[in-house]
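Please take me through this structure in the viewer. Tell me what to select at each stop and what is there.

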Amino acid sequence: GNKLSGSLPACFSNLTSLRIVSLGSNKLTSVPLTFWNLKDILNLNFSSNFLTSPLPLEIGNLKVLIGIDFSMNNFSGVIPTEIGGLKNLEYLFLGYNRLQGSIPDSFGDLISLKFLNLSNNNLSGAIPASLEKLSYLENLNLSFNKLEGEIPRGGSFGNFSAESFEGNELLCGSPNLQVPPCKTSIHHTSWKNSLLLRIVLPLSTTFMIVVILLILRYQQRGKLKVFNLQCGRAFESFDVECEMMKNIRHRNLIKVISSCSNEELNIMIDVASALEYLHFEYQSMTQTQTLATIGYMAPEYGREGRVSANGDVYSFGIMLMETFTGKKPTDEIFNGEMTLKHWVNDWLLISTMEVVDANLLSQEDIHFVAKEQCVSFVFNLAMACTVESPEQRINAKEIVKKLLKIRDSLLRNVGGRFCF
């Protein structure tokens with residue numbers, strides 16, 4: 001309840017005996033990654049601040065936590081599944097943020113949970129049936145999100161009222177919850193989804209490798225590496241390389257093949273559009289050998305050899321970071337647990353300028369504020385693409401929508417236009 005602002009000091013990580021942290025109703029903007037090394041904290045209150053970026057995966061380190069209150073901030077991205085490992089957690093308040101994605105199934109492992117508030121976010125998908133296992137749950141507030149499907153009936157759900165679910169227009173269930181009854185349907189897997197799983201996903205992985213090679217070659221030229229809104233001359237070699245992708249026809253690929261744009265954001269939109277096409281529309285019967293590239297492959301591929309559309313999204317997120325930082329994931333500064341992803345996440349909490357390629361953004365630029373905001377949005381999108389859990393990553397359609405919104409926002413702020 002003061003006027004503390006800025007970032008929480010990194011020296012907090014030295015307070016190893018700290019048990020209760022109550023910093024609600026201030027103006028804090030970020031928390032250093034080292035803070036999450038305080039593994040003996042029991043209660044954590046950061047409510048009513050200006051904290052942004054996704055919730056850190058490292059929150060799962062605080063195994064003895066009893067209470068978390070992060071409500072009324074600007075947290076974005078998905079809820080990390082690692083929260084499900086907090087077996088002693090009794091209350092979790094994440095209301096009034098900008099969280100997206102689905103409620104993790106791992107919440108069913110919060111066996112001590114009594115109070116759960118996820119209201120007033122942008123959460124989507126179904127309410128996990130795993131929440132029925134929470135026998136101590138007394139109060140649940142999922143109101144004003146974008147949840148859909150049937151409201152669970154078992155466990156403590158029989159004790160909750162309509163207020164717990166209001167503002168979710170696509171929910172269905174018991175009449176006493178003031179939602180429409182659920183329609184009965186025969187569950188089946190469509191031939192299209194089956195084809196996607198068996199054939200298109202291996203193809204998309206190979207395609208990602210091709211795109212990565214194109215981006216790397218583009219970056220090596222170096223001289224046009226500027227973040228501006230003017231259209232320069234086309235890369236002849238880039239156009240030649242694009243011939244490789246002509247066998248896949250789609251309206252968004254035309255932008256790659258005949259583009260005269262040399263902006264990083266434009267290229268990422270084109271790559272994401274092609275990724276979206278492969279995941280949701282392309283119906284080729286061609287099967288390919290699954291490939292993977294060190295530094296870009298999703299963690300589940302390295303652990304289990306799993307290939308999926310979610311793995312492609314992870315690779316795209318790494319490409320976003322590489323393109324806007326100018327650093328390869330295989331750079332010599334990244335070793336051990338320090339990866340490009342962790343490096344971006346750590347410094348992003350302090351300042352965007354610490355991670356963005358100096359050739360892309362300068363404080364002397366008259367449009368510096370608008371461009372810095374644009375880059376910040378891009379990095380947040382990259383983090384959403386590379387969350388540890390494959391199921392919690394956004395899909396290619398969402399990536400394209402977000403990139404287009406970022407571009408349109410930048411154009412509105414600077415009054416420029418892109419050339420296609």
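**Confidence**

Colour by pLDDT to begin. This is a predicted model. The protein averages a pLDDT of 78. Of the residues, 72% score at least 70.

Select residues 185-189. Here pLDDT stays under 50. The model gives this stretch one contact beyond four places in sequence.

Now select residues 225-260. The pLDDT is below 50 over this stretch too. Beyond near neighbours in sequence, residues 225-260 have 73 contacts in the model.

**Helix α6**

Select residues 309-325, which form helix α6. The helix has 17 residues.

Is α6 mostly covered or mostly uncovered? Mostly covered: 15 of its 17 residues are buried.

**Salt bridges**

How many salt bridges does the structure hold? It holds five.

*Lys133 and Asp109.* Select both side chains. They form a salt bridge, with the closest N and O atoms 3.9 Å apart. The pair links distant parts of the chain, 24 residues apart. Lys133 lies in the loop between β10 (124-125) and β11 (139-141). Asp109 lies in the loop between β8 (98-100) and β9 (115-117). Lys133 counts as exposed because its relative accessibility is 54%, and the cut-off for exposed is over 50%. Asp109 is partly exposed, at a relative accessible area of 30%.

*Arg153 and Glu150.* Move to this pair. Their side chains meet in a salt bridge at 3.0 Å, N to O. Arg153 is exposed, with a relative accessible area of 52%. Glu150 counts as partly exposed, at 42% relative accessibility.

Asp365 counts as partly exposed, at 26% relative accessibility. Why does Lys371 count as buried? Lys371 counts as buried because its relative accessibility is 6%, and buried means under 20%.

Definitions and conventions: Residues are numbered from 1 along each chain as its sequence is written. This is a predicted model: local features need pLDDT of at least 70, side-chain atom pairs count only at pLDDT 80 or more; totals for chains, interfaces and linings use all residues. Side-chain values use heavy atoms; hydrogens and water are left out. pLDDT is the predictor's confidence in each residue, from 0 to 100. Contact means heavy atoms within 4.5 Å. Helices (H or I, at least four residues) and strands (E, at least two) are DSSP runs, numbered from the N terminus. The expected span of a helix is 1.5 Å times one less than its number of residues. Buried means under 20% relative accessible area, exposed over 50%, partly exposed in between (1.4 Å probe, protein chains only). A salt bridge is a side-chain nitrogen of Lys or Arg within 4 Å of a carboxyl oxygen of Asp or Glu.
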